[in-house]
Amino acid sequence: IGTLEYLSESERAQQLEVFNATAAPYDQTQTLVSLFEAQVRERPDQVALLFAEERLSYGQLNARANALAHYLRTEYQVGPGVLVALRLARGPQLLVSLLGVLKAGGAYVPLDPDYPAQRLAYILADSQARLVLDEAALTVFDEQAGQYSEQNPVLVNHATDLAYVIYTSGSTGNPKGCMLQ
């Protein structure tokens, strides 16, 4: 049965070639932040994030991420090459934090809060992240968020700068960081 062809040649070509032709040209000199900010300019009031009952428009998401970016630059000198660990569950705070770190100019290291403590400690030590954004750190930020501008910070990154470091299972038993632009 495994050797039987149930698609015609034209159907097979459509499945494998036509439907998989998803390449699209884009300006590879743009950063994720500049591409996101372009969407904010085009659709500030449209929903950008929907999580459970919470909705954030592009404008609201951008404003929150901007305030966090200004905070990170001011309080922690986050900029190009600076790693910030994100130990947050999936949800709006994670996306705001991810964008905030990138807008500050830094790169993020995602940490699953459910990882064993030993694995988290290893990743933090290995990555040498300047700080960890978790629920407690964001509570501190929320208390003073009004002091920070919601305007787009000056972009300091280039498309070739580090964006994030993700740790994967290592063959030696320790996770290994994979750095991505």
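A residue is called buried when its relative accessible area is under 20%, exposed when that area is over 50%, and partly exposed in between, with a 1.4 Å probe and protein chains only. By this rule Gln128 is exposed, because its relative accessible area is 66%. The structure is a predicted model, in which local features need pLDDT of at least 70 and side-chain atom pairs count only at pLDDT 80 or more, while totals for chains, interfaces and linings use all residues. Residues are numbered from 1 along each chain as its sequence is written, and side-chain values use heavy atoms, with hydrogens and water left out.

Helices (H or I, at least four residues) and strands (E, at least two) are DSSP runs, numbered from the N terminus. Gln128 lies in the loop between H5 and S5, and has a positive phi of about 55° although it is not a glycine. Ala52 also has a positive phi of about 55° without being a glycine. Ala52 belongs to the loop between strand S1 (47-51) and strand S2 (54-57), and is exposed, with a relative accessible area of 66%.

Helix H5 (residues 117-127) contains Leu120. This residue, Leu120, is buried, with a relative accessible area of 8%. If residues up to four places away in sequence are not counted, Leu120 touches Arg87, Leu111, Asp112 and Tyr115, where contact means heavy atoms within 4.5 Å. From Leu120 to Tyr76 there are 44 residues in sequence and 21 Å in space, C-alpha to C-alpha.

The packing of helices comes next. Two packed helices are described by the angle between their axes and the distance between the axes. Axes are lines fitted to C-alpha atoms, for helices over the stretch in contact, and angles run from 0 to 180 degrees between N-to-C directions. The axes of helix H3 (residues 58-76) and helix H4 (residues 92-104) come within 7 Å and cross at roughly 55°. H3 is therefore oblique to H4; angles under 35 degrees count as roughly parallel, over 145 as roughly antiparallel, 65 to 115 as roughly perpendicular and the rest as oblique. Among the residues that make this contact are Leu61, Leu68 and Leu72 of H3 and Leu95, Leu99 and Val101 of H4. By class, the contact of H3 with H4 has ten nonpolar, four polar and three charged residues; Ala, Val, Leu, Ile, Met, Phe, Trp, Tyr, Cys and Pro count as nonpolar, Asp, Glu, Lys and Arg as charged, and the others, Gly among them, as polar.

H2 and H4 form another pair, with axes that come within 9 Å and cross at roughly 115°. Their contact is made by Leu32, Val33, Phe36 and Glu37 of H2 and Leu99, Leu102 and Lys103 of H4. It has five nonpolar, no polar and two charged residues.

A nonpolar core is a set of buried Ala, Val, Leu, Ile, Met, Phe, Trp, Tyr and Cys residues joined through side-chain atoms within 4.5 Å. The largest such core has 32 residues, and those with the most contacts inside it are Leu68, Leu72, Val78, Val84, Leu86, Val101 and Leu133. Two or more residues each come from helix H2 (32-42), H3, strand S3 (83-87), H4, strand S5 (131-133) and helix H6 (135-144). H3 gives the most to this core, with eight residues. Apart from this core lies another, of ten residues, including Leu83, Val109, Leu111 and Ile123.
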